[in-house]
Amino acid sequence: MSQEDDLPRPERIPFFQRVLENPFLLLFIGIVMPTVFYVLWGVMEVATIPVAP
Amino acid sequence: MAQFRVCPDSGFYFDKSAESLMKANAVAGAVSLLIAGILGLGVILTRWQGVHLLPADTFYQVLTGHGINALIFWIIFFEMAILYFASSTLLRTRIAAPRWAWAGFALMIIGMVMNNIAVLQGNSSVMMTSYAPMQAAPHFYLGLILFAVGALIGCFVFLGTLVIARDDRTYEGSIPLVTFGALTACIIAIFTIACGAIILVPTFLWSIGYIGHIDAAMYRVIWWGLGHSSQQINVAAHVSVWYLIIGVLFNARPMSEKVSRSAFLLYILFLQLASAHHILVDPGISSEWKVFNTSYAMYLAVLASMIHGLTIPGSMEVAQRAKGYTKGMFEWLRKAPWDNPVFSGFFFALIIFGFIGGITGVVMGTEQINIIIHNTIYVPAHFHATVAVGTTLTFMALTYLLIPVLFRRALFLPWMAKWQPYVFSAGMTLMILFQLGAGTLGVSRRHWDMDFTGAMLSFEYPGTAYTLMAVAGVGGVLGVLGGAMYLIVTVGSLLFGKKLDESAGLFQGFGVPLAPSSYNVSQPERLPMAPKLAVEEHGSGGFEAPGTFALAMALLVCFVVYYFINWDYLASVWPLS
């Protein structure tokens, strides 16, 4: 058995925890979600209101 | 060179630059609260029809100043202090780019002064929402833009400080939950400020004549991305402070870090979408947009608040029971330090935010029953429960914690500090409950005269509505008194409070560092990772906190009953068969 096998393996960090520990990924998600569903969708709704003749 | 000091009472490490920034922002926030409180007295004494203090033009001017100072300036200045505390102090690291942070603070001060001058001059009585086509003076918008840019700089300084702490390995494991909550507030703040820039920059250009027209519907949609999301920064910030307070007072650990962090993630994903409930009666916007953003997305954010509402008192209960307060369902709560304004302020804020602010918020966010109370005095009642009590009272409680720790002064008039949360929350609760009743009877918000004196189109409210508004007026005056008590204690502490550090002089209360000898730590010890909780390990801690579970069930019953009462109201005003 090699010496490397004797060393304790670093604990694998779960995917969800890695997401929560990346502030810039969270920032990206936190900006994109409301921008798409609130701002862009809302602006499209207003922009497509027909102009009164 | 040493740049940290350690607080001998709390063990918190303070970076010299970050400490000054926290103090300066907190003091600027308190000044804004003073202005907001004085103007708020004018508002409530005018809405109390028996007093009807101010003439119409002054009322709208005062209402504008009250709204902006209370909902924007006070809150965001204080939140900047929290961001610096949650990053630098809790992660035991130096603050990133302190000169940029000071530049941001200077912009916020200039913006606040400029905006207040515009309102005082009397030609910008457009209220906080400043709906187009109402037009304010250019420096009204410019002040808000400068303030927002300054706050944005503060947000990036916070993010930079997280990066420094990670690179310097100043902590083990994940960032603490309180810092994670502050990160949530920071993310929401960046979206909020972006919405503000998208709508306020063209509105400013419109006010100086470079743009000919601002679409009123477009303005409302984007402005509420700023207006409501700015209040969601508060929610994330004050929930983080609740976790901090139970940690400091009770040495309480969250019942489940994973669940609490997941709840903050729900805030990041969905909380800003709740802005849509302001647009629920706007024509031209589809029901799909309204229903998705409110009745679907918003409920996921409400779920997050309910998780925090369960886990925060639950964690406190578990900690108290571990100390032996196990008799009956509520000994842990009865034996809590009710004389300590840090605790009483926090707990009243939690209860009033959840029971009144939360339940009324869901009613307002439901498209069908929103119509009963839309644009009535019910709306200010709701956001006074969430912001004026939930956030403001939490920040007041945090101030009592920080005066000895950060400012190194003992509390001035401790008996007044002890009673302040009781007076403030009693007054505000009285005002809120009676305004909710008046709103259900249809009393308009933002309206100078319930009598419609001289109006071409008149309306006669029932006599009960006048009584409700009068009692609300009494509550509002009591609330202002509670706010004044807070300012007397805090300002008095900075000026006359017993010095806990010899160098904590007058100027040190306003941002000047303590004597160089106080900063005798070059680099604090690394923040160790907290040991895992046994309950979280086994995932079977059910009924560890039965008292909290009973409170949660009481909330659920109140919510269900009130929700269906509102559907009954709707059926009575909109008969369908």
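Let's start with a pair of helices in chain B of this predicted model. Helix α7 (residues 229–250) and helix α11 (residues 341–364) of chain B cross at roughly 140°, and their axes come within 11 Å. That angle makes α7(B) oblique to α11(B), and the crossing is left-handed. If you want to find the spot where they touch, look on the α7(B) side for B:His238, B:Trp242, B:Ile245 and B:Leu249, and on the α11(B) side for B:Val342, B:Phe343, B:Phe346, B:Ala349 and B:Leu350.

Now for another pair in chain B. Helix α13 (residues 378–405) and helix α14 (residues 414–440) of chain B have axes 8 Å apart and pack at about 170°. Angles over 145 degrees count as roughly antiparallel, so that is the label for α13(B) and α14(B).

Take B:Ile373, which sits in helix α12 (residues 367–373) of chain B. Is B:Ile373 buried or exposed? A residue needs 20 or more C-beta neighbours within 10 Å to be called buried, and B:Ile373 has 23, so it counts as buried. Setting aside neighbours within four places in sequence, B:Ile373 is in contact with B:Met364, B:Tyr378, B:Val379, B:Gly439 and B:Thr440. B:Ala182, in contrast, is 33 Å from B:Ile373, C-alpha to C-alpha, and 191 residues from it in sequence.

Beyond its neighbours within four places in sequence, B:Gly475 is in contact with B:Gly427, B:Met428, B:Leu430, B:Met431 and B:Phe434. Between B:Gly475 and B:Gly497 there are 30 Å in space, C-alpha to C-alpha, for a separation of 22 residues in sequence.

Next, follow helix α2 (residues 56–91) of chain B. With 36 residues at 1.5 Å a residue, α2(B) should span 52 Å, and the 51 Å between its end C-alpha atoms agrees with that. There's a kink along the way, though: α2(B) bends by about 35°, centred on B:Asn69. Because 32 of its 36 residues are buried, α2(B) is largely enclosed by the rest of the structure.

The loops have some backbone details of their own. B:His52, in the loop between α1 (16–47) and α2 of chain B, isn't a glycine but still has a positive phi, near 45°. B:Ala97, in the loop between α2 and α3 of chain B, also isn't a glycine and has a positive phi, near 45°. B:His52 has 16 C-beta neighbours inside 10 Å, so it counts as partly exposed; with 16 of its own, B:Ala97 counts as partly exposed too. Further along, the loop between α3 (98–120) and α4 (138–167) of chain B holds B:Pro133. The peptide bond from B:Ala132 to B:Pro133 is cis, with omega near 10°.

Finally, there's chain A. Its secondary structure is made up of 3 helices and 0 strands. Chain A has 53 residues, and 21% of them are buried.

Methods:
Residues are numbered from 1 along each chain as its sequence is written. Chains are lettered from A and ligands numbered from 1 in the order in which they are written. This is a predicted model: local features need pLDDT of at least 70, side-chain atom pairs count only at pLDDT 80 or more; totals for chains, interfaces and linings use all residues. Helices (H or I, at least four residues) and strands (E, at least two) are DSSP runs, numbered from the N terminus. The expected span of a helix is 1.5 Å times one less than its number of residues. The bend at a residue is the angle between axes fitted to the seven residues ending there and the seven starting there. A residue is buried if 20 or more other C-beta atoms lie within 10 Å of its own, exposed if 12 or fewer, and partly exposed in between; C-beta atoms are placed from the backbone. Axes are lines fitted to C-alpha atoms, for helices over the stretch in contact, and angles run from 0 to 180 degrees between N-to-C directions. Angles under 35 degrees count as roughly parallel, over 145 as roughly antiparallel, 65 to 115 as roughly perpendicular and the rest as oblique. A crossing is left-handed if the near helix is turned anticlockwise from the far one by less than a right angle, and right-handed if clockwise. Two residues are in contact if their C-beta atoms, placed from the backbone, lie within 7 Å.
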